[in-house]
Amino acid sequence: MNESWSRRDFLKRSAAAAAGLGIGASAFSAGSYARIQGANDRVHVAVAGVRSRGAEHIGSIGNCTHAFIGHLCDVDSRYLAQAGERVKTLFGALPVMEKDIRILLESKDVDAVTIATPEHWHAPMAILALQAGKHVYVEKPPAHNPAECGMLLRAQKKYGGLVQMGNQQRSSPHTQEIMQKIHEGLIGRPYFCKAWYSNNRTGIGRGREVPVPDYLDWELWQGPAPRRPYRDNVHPYNWHWFWHWGTGETLNNGTHEVDLSLWAMNVTYPGLVSADGGRYHYQDDWEFYDTIVTNYEYGDRMITWEGRSCNNMLYYNRGRGVTIHGTGGTVLIDRNGYEIYDADGNRTAAFEKPERDATTGLGGGGPMTDAHFQNFIDAIRSDQPLNAPIGEGTVSAMMLLLSNIAWKTGRDLHLDADSARILNDNEAMTLWQREYEPGWEPRI
Ligand SMILES: NC(=O)c1ccc[n+]([C@@H]2O[C@H](COP(=O)([O-])OP(=O)(O)OC[C@H]3O[C@@H](n4cnc5c(N)ncnc54)[C@H](O)[C@@H]3O)[C@@H](O)[C@H]2O)c1
């Protein structure tokens with residue numbers, strides 16, 4: 001990470017904007033821009049993908065100090081227009097609204113890009129943004145496949161911008177506090193983490209090939225993904241359940257809780273990954289499992305991830321969370337608190353935070369998302385480290401991408417624990433990367 005690069009660039013942009021030089025094709029005239037009090041002291045953020053999670057990005061950036069949204073990007077003109085009005089309410093002026101990220105990235109008025117698009121776009125867009133000299137906040141998963149994790153890491157090193165991954169629980173004070181206590185020996189040596197997520201999603205039916213609606217640029221929506229005809233059960237949101245664009249419940253939600261498990265046990269990759277499950281509830285176009293159990297075995301410890309997309313039976317009255325079991329006790333943690341148990345299973349302490357975060361709700365917003373964005377903004381403006389730098393973020397994402405590969409191949413994956421590469425299984429390794437639409441391959 002190159003901090004001096006970040007500050008120098010931010011200050012340069014601030015100076016240019018202050019002189020009225022950096023406004024370019026912006027919706028702001030020099031006069032209206034100057035009227036936005038303090039605009040030049042703030043990190044200028046562009047949000048890409050503004051519907052569900054992107055709307056949370058906008059709200060959280062609105063709650064940050066020293067942050068300003070001057071640009072939005074979306075390929076659906078309906079969501080773009082709605083988000084533009086919201087930004088106007090929050091920041092005092094309509095932002096520049098653009099459907100093509102490549103055009104938006106030409107603007108010198110943008111310091112940082114936040115990405116909440118479908119997942120086939122995450123790494124390619126983050127790489128383009130880094131090449132354009134921007135800092136990046138990229139939603140989890142930062143990549144659609146393992147190879148893209150490596151590309152994104154190389155791009156970050158080459159171009160030097162900051163990259164924060166959207167695993168916002170890394171910025172949650174109660175989580176930071178209990179993790180430190182676990183590292184100091186609160187429950188002895190932690191050796192088993194059980195991570196879960198449950199929801200009661202409906203089926204997505206059988207899609208039909210229909211004309212592309214006039215509000216959507218389907219060519220740009222597809223971007224790096226090889227072309228397919230438009231179908232009426234993909235956009236918005238249901239792309240999550242198709243391999244071509246999404247990564248299933250495992251990356252959609254497991255990334256958060258498996259990340260906590262890695263953090264608690266201070267480990268990276270295991271030697272063995274196995275995953276079982278299926279699409280058990282509905283018969284429809286959904287290509288992933290709706291029920292999955294994945295085991296990560298390290299030899300002296302393990303992590304289990306359980307995802308249930310279509311049955312919202314709670315564990316410990318929580319739709320998502322992690323239990324961390326050690327030689328001296330157990331910690332139960334979720335987005336809104338934690339409980340501590342002794343080795344006999346007696347609860348000895350508990351904490352519940354007063355201001356609640358969304359748990360299994362789709363946009364996932366709340367105070368820890370605000371804090372995660374504030375950390376990103378502060379890291380751009382000062383020497384404060386990122387709470388979820390992409391180097392650590394890709395480890396968590398890779399864990400879940402490997403779960404998907406284990407499930408798809410139906411085989412146990414033996415890993416090189418340093419690189420996470422799959423040993424002695426050429427078929428599984430074919431899923432390490434994807435094919436791109438010609439001309440859209442990410443280049444570093
Ligand atoms: N961190 C969290 O808690 C959290 C919560 C929810 C979702 N997410 C992540 O956020 C991402 C978005 O998920 P969602 O549920 O909001 O999806 P969504 O389909 O509801 O929204 C995606 C938006 O991106 C737009 N889009 C598509 N292609 C684009 C492009 N090329 N350029 C600009 N905009 C484009 C779409 O029009 C849509 O507005 C996913 O990766 C998801 O995993 C994270």
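Strands β11 and β12 (residues 329-334) pair in the antiparallel sense over 5 bridges, where two strands count as paired if DSSP finds at least two bridges between them. Helices (H or I, at least four residues) and strands (E, at least two) are DSSP runs, numbered from the N terminus.

The model is predicted: local features need pLDDT of at least 70, side-chain atom pairs count only at pLDDT 80 or more, and totals for chains, interfaces and linings use all residues. Residues are numbered from 1 along each chain as its sequence is written.

**The mixed sheet**

β11 and β12 belong to an open sheet of 9 strands with mixed pairing, in the order β14-β13-β12-β11-β7-β10-β9-β8-β15. β14 (347-352) and β15 (413-414) stand at the edges with a single partner strand each, so one side of each has no neighbour in the sheet. Strand β11 (residues 320-326) is mostly covered, with 6 of its 7 residues buried. A residue is buried if 20 or more other C-beta atoms lie within 10 Å of its own, exposed if 12 or fewer, and partly exposed in between, with C-beta atoms placed from the backbone. Lys194 stands opposite Thr323 in β11, and Val293 stands opposite Glu306 in β10.

**The parallel strands**

Strand β5 (residues 135-138) points His135 and Tyr137 one way and Val136 and Val138 the other way, and all are buried. Val138 in β5 is the bridge partner of Ile115, and Val138 also stands opposite Met165 in β6. β4, helix α6 (residues 122-131) and β5 make a right-handed β-α-β unit; β5, helix α7 (residues 146-159) and β6 make a right-handed β-α-β unit as well. A crossover is right-handed if, with the strands pointing away from the viewer, the path from the first strand over the helix to the second runs clockwise.

| Strand pair | Sense | Bridges |
|---|---|---|
| β4 (residues 112-115) and β5 | parallel | 4 bridges |
| β5 and β6 (residues 163-165) | parallel | 3 bridges |
| β7 (residues 190-198) and β11 | antiparallel | 7 bridges |
| β9 (residues 291-297) and β10 (residues 302-308) | antiparallel | 7 bridges |

**The ligand shell**

The ligand is surrounded by 30 residues, and the closest are Gly49, Arg51, Ser52, Arg53 and Gly364. The elements that give two or more residues to this shell are α3 (52-63) and α9 (218-222). The largest share, 3 residues, comes from α3. By class the shell has 13 nonpolar, 10 polar and 7 charged residues. Ala, Val, Leu, Ile, Met, Phe, Trp, Tyr, Cys and Pro count as nonpolar, Asp, Glu, Lys and Arg as charged, and the others, Gly among them, as polar. The ligand lies between domain 1 (3-169) and domain 2 (172-206 + 219-358 + 390-432), because both give residues to the shell around it; the bounds come from an automatic or database domain assignment.

**The whole chain**

The protein chain has 13 helices and 15 strands. Of its 444 residues, 49% count as buried. Along its principal axes the C-alpha trace spans about 65 × 50 × 35 Å. Ala81 is found in helix α4 (residues 77-91) and is partly exposed, with 15 other C-beta atoms within 10 Å.

Conventions:
Near = placed C-beta within 6 Å.
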